[in-house]
Each structure stands twice: as C-alpha cells, then as structure tokens.
Amino acid sequence: MPCVLVVDDDATVREVVVSYLQAAGHEVLEAPDGETALRLFDEHAADLLVLDLMLPDVDGLEVCRRVRSRRDVPVIMLTALGGEADRVVGLERGADDYVTKPFSPRELVLRVESVLRRAGEPGEERSERLSDGDLVIDTARHEVTLGGSELSLTGREFDLLRFLVAHAGRAYTREELLAQVWGWTFGDHSTVTVHVRRLREKVEPDPTRPQRLVTVWGVGYRWEAAA
C-alpha cells in the first residue's frame, strides 16, 4: 500500500486531504510543519509527499530540497500562491507537480495516483540501454552518463530525457509530454518547461543555445540525434 506524507500547517486541509487519500486506499502520514515532516520522512518510507509551500518553520521549498538530497521521492507542492513564478520555483526545486489552493480533493488524489503509478511502472523502455553520441542512458540502472561522467538527474528528469532520446527527431507539444512522461491528461504546462530547462543545463554545452534538446517554435520540443 503506497504511503503518502501530507505536510500542511492548516489542520482542516490536512484532514480533508488525509481522508480522501485514505478512502482511495493509501497509507497516510501527516505533519503540521517542516521539522515534523523531515522526522517522519526519516522514520518511515513515504512513497510521495504532498507538501505545502508556506510552513511555519522550515518552508516547503527547503523541505523539498532536503528530502530530495536523501531520496528521490515524488513531491506534489500544495500552496495558496498561484503565480507562475511561484510554480516555477517549486518545480525547479524538484517538485513533480504544483497544486494551487483552493483545489479539488478528488483531483489531488488523481494526481497523487498518477505520479505514484508513473514512478512505479517498470515499462519496457526501462530495461533498455539508449545511447546518442556521448550520452548513454542505462535504464536498468537508472543512470545517465555524458562524456563518461554521470549526470545527477531527478526521477522525472530521467524519464523525460529517456523518452525524448528514445523518440529522437520527433517534436512533442508540452501537452503530449505531460501525457507521455507524467501520465497526466491535465496539469500545468510550465511543469514541462521547467524540466526542459533543467535538462538543458545538464546536457547542453551552452544551455542558452541548445543543440540537442531544441525548441520547435509553435509546437514544443524535439531531441536532435547526434550526427
């Protein structure tokens, strides 16, 4: 049974989210602040965090950073801040999704289940070894090397890179990438934009002039295979 850690200083929000997740068959832990969340995360093997951005002691971004430094666990940010800049900051810190308050508890449960399902799927491509020039993706070991050096990627960055390299030469819209990589039929397209930018910083010699993960204007993105 998947274990979800819900972190929010609003007791009412926690109560609603916990009840809906439990009704969907999840084991749920809850924390009212960042310090408690980090302690519970260390004590229990949570499979996913639903994490409020605004917490009274250690804020959600710092909790996300510390959690991700310990284990690559999916994180869904939950916050009252709905501006694009706020969403981008959360995604850049490694969050897999960003849900703005007020929200539909049913939609949140669907997002949780989508992220958990995607994280747990073995998939045929995961047993393959993909290469493109000096880039090698070992899907069995969940490892990527570039020029012989291992890259540090989050789980979602790995999935996005693997998908694009496996389908090199084809352009995908952000909506298509959300569906194919995240497994979502809904969601904020800036999620894709941020992950593309993060990948470019790791695989491109000059991220401001990408040659491998290129933008197809009016469409989305395409991976250019090495000559």
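These numbered points walk through a predicted model, from its sheet to a pair of helices.

1. Start with the sheet. Five strands form an open sheet, and the pairing is parallel. Their order is β2-β1-β3-β4-β5. The edges are held by β2 (27-31) and β5 (97-100). Each has a single partner strand, so one side of each is left without a neighbour in the sheet. From one strand to the next, the twist averages 20°.

2. Strand β1 (residues 3-7) pairs with β2 in the parallel sense, over five bridges. Within this part of the sheet, V7 stands opposite A31 in β2.

3. Helix α1 (residues 11-23) lies across β1, β2 and β4 (75-79). Its direction is at about 170° to β2.

4. T36 is found in helix α2 (residues 34-43). Is T36 buried or exposed? T36 has a relative accessible area of 18%. Buried means under 20%, so T36 is buried.

5. Now the helix pair. Helix α7 (residues 174-182) and helix α8 (residues 190-203) have axes that come within 9 Å. Those axes cross at roughly 80°. The two helices are therefore roughly perpendicular to each other.

6. Which residues make the contact between α7 and α8? From α7 come R174, L177, L178 and W182. From α8 come T191, V192, T193 and H195. By type, the residues of this contact divide into four nonpolar, three polar and one charged.

How values were computed. Residues are numbered from 1 along each chain as its sequence is written. This is a predicted model: local features need pLDDT of at least 70, side-chain atom pairs count only at pLDDT 80 or more; totals for chains, interfaces and linings use all residues. Side-chain values use heavy atoms; hydrogens and water are left out. Axes are lines fitted to C-alpha atoms, for helices over the stretch in contact, and angles run from 0 to 180 degrees between N-to-C directions. Helices (H or I, at least four residues) and strands (E, at least two) are DSSP runs, numbered from the N terminus. Angles under 35 degrees count as roughly parallel, over 145 as roughly antiparallel, 65 to 115 as roughly perpendicular and the rest as oblique. Contact means heavy atoms within 4.5 Å. Ala, Val, Leu, Ile, Met, Phe, Trp, Tyr, Cys and Pro count as nonpolar, Asp, Glu, Lys and Arg as charged, and the others, Gly among them, as polar. Buried means under 20% relative accessible area, exposed over 50%, partly exposed in between (1.4 Å probe, protein chains only). Two strands pair if DSSP finds at least two bridges between them.
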